[in-house]
Amino acid sequence: MQIISIVNKKGGVAKTTTALALASGLSKRHFHVLAIDCDAQANFSKASCGEDDVIGTFDILTGKENINEAIQQLPFYDLIGADKRLSSIDVALNKPGREFMLKKALSQLNTAYDFCVIDNPPALNVAVANSLAASNKIIICSSAEAFALDGLMELSATIDDIHQFMNPSLIIDGILITIFNHRTIIGQHIKEQLSRIARVMNTKVYNTIIRRCNSISVSQSDRKTIFDFPKSNAAIDYGYFIDEFLGGNIYG
């Protein structure tokens, strides 16, 4: 099983949108997918039509419940949902080895999955540390807007530490440019800067760029996948991105 963390310390860069598209897109390609929401805002869970007030990520990270009891079977993928309790996870999870709770839980799965897609909060808290310690690969989302590069080097340092001390198999698969407007000069400038940062981080910028698209907000408010709007720029772009991701990875 490939375990993929979608990350960026900065908010508003389409992490949840990307996680939703990746999970649903892989499922449409007949892969068996588990999605995990690690964000207290629970936007991934809500957009997926996950159930409220059930066993979720908080219970798994704190070791209160078995991971198999937390899985919700949804039409496209299985889900372990989030709730507001995750906002206090740094206090609630304070025992030795706390960064490995998710990795331990995933080793206890009764169901075989091809992919696990983890949506993370715009933070570097213990939930994100758990996500990275458990993952094989990272996808960093970055919008092509002013201040988009803020925090990337700090994120890189955190990833380096986790790679060195917790998870030597962890790699950054690439940086995905999102919310892109090709008409703006700043967008082109950020794209060039991201290419330089990617080299420093020993990774790449994906060839696919996700264009700004109103269908994204519509799909999430309607609790649909972006692929329910097949002619939209976002559906086209995310389709190409998933093809690119799969083309560069061995899966199964």
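Start with N167, in the loop between α8 (152–165) and β7 (171–180). Helices (H or I, at least four residues) and strands (E, at least two) are DSSP runs, numbered from the N terminus. This is a predicted model: local features need pLDDT of at least 70, side-chain atom pairs count only at pLDDT 80 or more, and totals for chains, interfaces and linings use all residues. Residues are numbered from 1 along each chain as its sequence is written, and side-chain values use heavy atoms, with hydrogens and water left out.

**Around N167**

Show the surface. N167 is buried, at a relative accessible area of 3% (buried means under 20%, with a 1.4 Å probe and protein chains only).

Next, select L132, A133, A134, S135 and I162. N167 touches each of them, leaving aside residues up to four places away in sequence; contact means heavy atoms within 4.5 Å.

Stay on L132. L132 and N167 are 35 residues apart in sequence, yet 7.8 Å apart in space, C-alpha to C-alpha. A polar atom of the N167 side chain lies 2.9 Å from the backbone oxygen of L132. The backbone oxygen of A133 is reached by the N167 side chain at 3.2 Å.

**Helices α1 and α11**

Now select residues 15–28 (α1) and 233–247 (α11). The two helices pack at about 70 degrees, axes 10 Å apart. Axes are lines fitted to C-alpha atoms, for helices over the stretch in contact, and angles run from 0 to 180 degrees between N-to-C directions. α1 and α11 are therefore roughly perpendicular (65 to 115 degrees).

Show side chains. On α1, pick T17, T18, A21, L22, G25 and L26; on α11, pick Y238, F241, I242 and L246. These residues make the contact.

Note on methods. Angles under 35 degrees count as roughly parallel, over 145 as roughly antiparallel, 65 to 115 as roughly perpendicular and the rest as oblique. Buried means under 20% relative accessible area, exposed over 50%, partly exposed in between (1.4 Å probe, protein chains only). A polar contact is a pair of N or O atoms within 3.5 Å; within protein, one must be able to donate a hydrogen and the other to accept it, and residues adjacent in sequence count only if both atoms are side-chain atoms.
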